[in-house]
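Trainee: Hi! Could you walk me through this structure?
Mentor: Happy to. Let's have it on the screen while we talk.

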Amino acid sequence: MVCLIPMDRPLRVAVIGAGFWSRFQVPAWLELPNVQCAAVCDLQPDKAKALADRFRVASHFQDPEELLRVAGPDLVDVITSPETHRDMVALAARHRIPVICQKPLANDLDTAREMVALCRESRIPLFVHENWRWQRPLREVKKALDANLIGKPFRARIDFNSSFPVFDNQPFLRELDRFILSDMGVHILDVVRFLFGEADWLIARIQRINPKIRGEDVATVLLEMASGMTVTCTLSYASRLEHERFPEAFVVIEGDRGSVELAPDFWIRVTDAEGTKSRRCPPRIYPWADPSYALIHSSIVECHRNLVDGFLGKCDAETTGEDNLRTLQLVFGSYESARLGQPVRFEA
Ligand code: 89Y
C-alpha cells in the first residue's frame, strides 16, 4: 500500500507518548530531510509540553484523538507502552492515518493479528518500529553473508547478555509478566529472521533470576531454520560479566567456507581459508543520543528512514505489521515452548 504525499512540503509526523524513548525517537525524526515532527501527545500534559519544548515541536496535546483530528498528521508514531498499542492503532485506523507502532506490537499474537487485519481492512499502512536490525554492524554482517564471503551458513549464535540496569530508565519493564523475550527477544529474533530467513521450529527455556522483577530475565532459544541452519540465541539481564557491553549483541556465524563474527566494540571479523580480515564498524553517534544507548539510538534514524521511504513508495519497508507477525510468532512460540517444555513448530 503506497501513500502518495505531495512532496512539495515536509512529511508531517505526530508522536503519541512522551516517555523515555520519545526523547530519542523525536530528534531521530528531525534527522531526516523533508520530515517534520508536527505534534506530540501524552496523557500527562506536562510531559507532552516538555517534549515539545525540548525539540521545538509546534503543538502538543493530551488527548490522542484530538491530536489526530486537529493536527491531521501524514503519519503517526505510537511510542506508548505495549498494552496501549491496540487502542492507539485502532484510533489511527478510524482516522485513516498511517501508523508506526513501537515494538512489541502487542502482548500476544492474537491481538497483533487483529491489529494487522484492522489496518488492512481500513486500508492504512501499519509499520512496526523494529530498529535493532538497523544497527550498522548488523547490516555489515548481513552484507558479508549476501556477498557469500563464508559460503553456506550452517550454524549461528547471537548473544545478548548483560546486567545493565534497564529498569532505572524504563521502570515499567520491572512490572511486565513477560519481560526479556517480549522486550529484547523481539529484537534478537527479528535479527535472526533478517539474517537467516524463517524458522521451522524452536525450543526455548526461560528463567527469572532477579527476584525484584515480575517477568523472566534470562532466555535461551534454539531454532532450526528452513535453510537447515541451527541458530542459538542467549539473552540475559542477570549476567554480571567481566566486560559490561550493553547494548551490544554478539554474533558468530559459521559457513562451509568460513565464519563471520560481530565481536565487542563493533569489530567484524571474516575468516576464510586465506585468514582473517577485521574491520571496526561503529555506529554514528548523534548529539541527542544517550551515550549508554548510542548504538540503538543511531539505528532509530535508519529505521525511520526505511519506514518513510517505504511509505512514500521509494523502497520496501522492511518491518511492516504483516512481516512483524512472523517475528512475534517466534517470540510467543518461545514462551509456549518454555511453558510446555517442548519444541514448537511453525507453518511455512
Ligand atoms: O526496551 C529495550 C529496547 O528496545 O532496547 C533496550 C531496551 O531499552 C531495554 O531492554
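**Sheets, helices and a tryptophan**

Mentor: An open sheet is built from nine strands in the order 14-13-12-11-7-10-9-8-15, with mixed pairing. Keep in mind that this is a predicted model.

Trainee: Which strands are the edge strands?
Mentor: Those are strand 14 (275-280) and strand 15 (344-345), as each pairs on one side only.

Trainee: And how do strand 8 and strand 9 pair, parallel or antiparallel?
Mentor: Antiparallel: eight bridges link strand 8 (residues 199-207) with strand 9 (residues 218-225). As an example, L202 stands opposite L223 in strand 9.

Trainee: What does helix 11 lie across?
Mentor: Strand 8, strand 9 and strand 15, and helix 11 runs at about 60 degrees to strand 8.

Trainee: How do helix 11 and helix 9 cross?
Mentor: The axes of helix 9 (residues 180-196) and helix 11 (residues 321-340) come within 9 Å and cross at roughly 125 degrees. The two helices are therefore oblique to each other. Their crossing is right-handed.

Trainee: Which residues meet there?
Mentor: On the helix 9 side they include L181, V186 and L189, and on the helix 11 side they include L328, V331 and Y335.

Trainee: Changing topic: what about strand 5? Are its residues buried or exposed?
Mentor: All buried: in strand 5 (residues 99-102), V99 and C101 point one way, while I100 and Q102 point the other way.

Trainee: Which strands does strand 5 pair with?
Mentor: Strand 4 (residues 75-78) pairs with strand 5 in the parallel sense over three bridges, and D77 has I100 as its bridge partner. Strand 5 also runs parallel to strand 6 (residues 126-129), joined by four bridges, and there C101 has V128 as its bridge partner.

Trainee: How does the chain get from strand 5 to strand 6?
Mentor: Through helix 5 (residues 109-121), in a right-handed β-α-β crossover. Strand 4, helix 4 (residues 85-94) and strand 5 also make a right-handed β-α-β unit.

Trainee: Last one: where is W267?
Mentor: W267 sits in strand 13 (residues 267-272). Its relative accessibility is 30%, so W267 counts as partly exposed.

Trainee: And what does W267 touch?
Mentor: Leaving out residues up to four places away in sequence, W267 touches E261, L262, S278, R279 and R280. The C-alpha atoms of W267 and C281 are separated by 6.3 Å, with the two residues 14 residues apart along the chain.

Methods:
Residues are numbered from 1 along each chain as its sequence is written. This is a predicted model: local features need pLDDT of at least 70, side-chain atom pairs count only at pLDDT 80 or more; totals for chains, interfaces and linings use all residues. Side-chain values use heavy atoms; hydrogens and water are left out. Buried means under 20% relative accessible area, exposed over 50%, partly exposed in between (1.4 Å probe, protein chains only). Two strands pair if DSSP finds at least two bridges between them. A crossover is right-handed if, with the strands pointing away from the viewer, the path from the first strand over the helix to the second runs clockwise. Axes are lines fitted to C-alpha atoms, for helices over the stretch in contact, and angles run from 0 to 180 degrees between N-to-C directions. Angles under 35 degrees count as roughly parallel, over 145 as roughly antiparallel, 65 to 115 as roughly perpendicular and the rest as oblique. A crossing is left-handed if the near helix is turned anticlockwise from the far one by less than a right angle, and right-handed if clockwise. Contact means heavy atoms within 4.5 Å.
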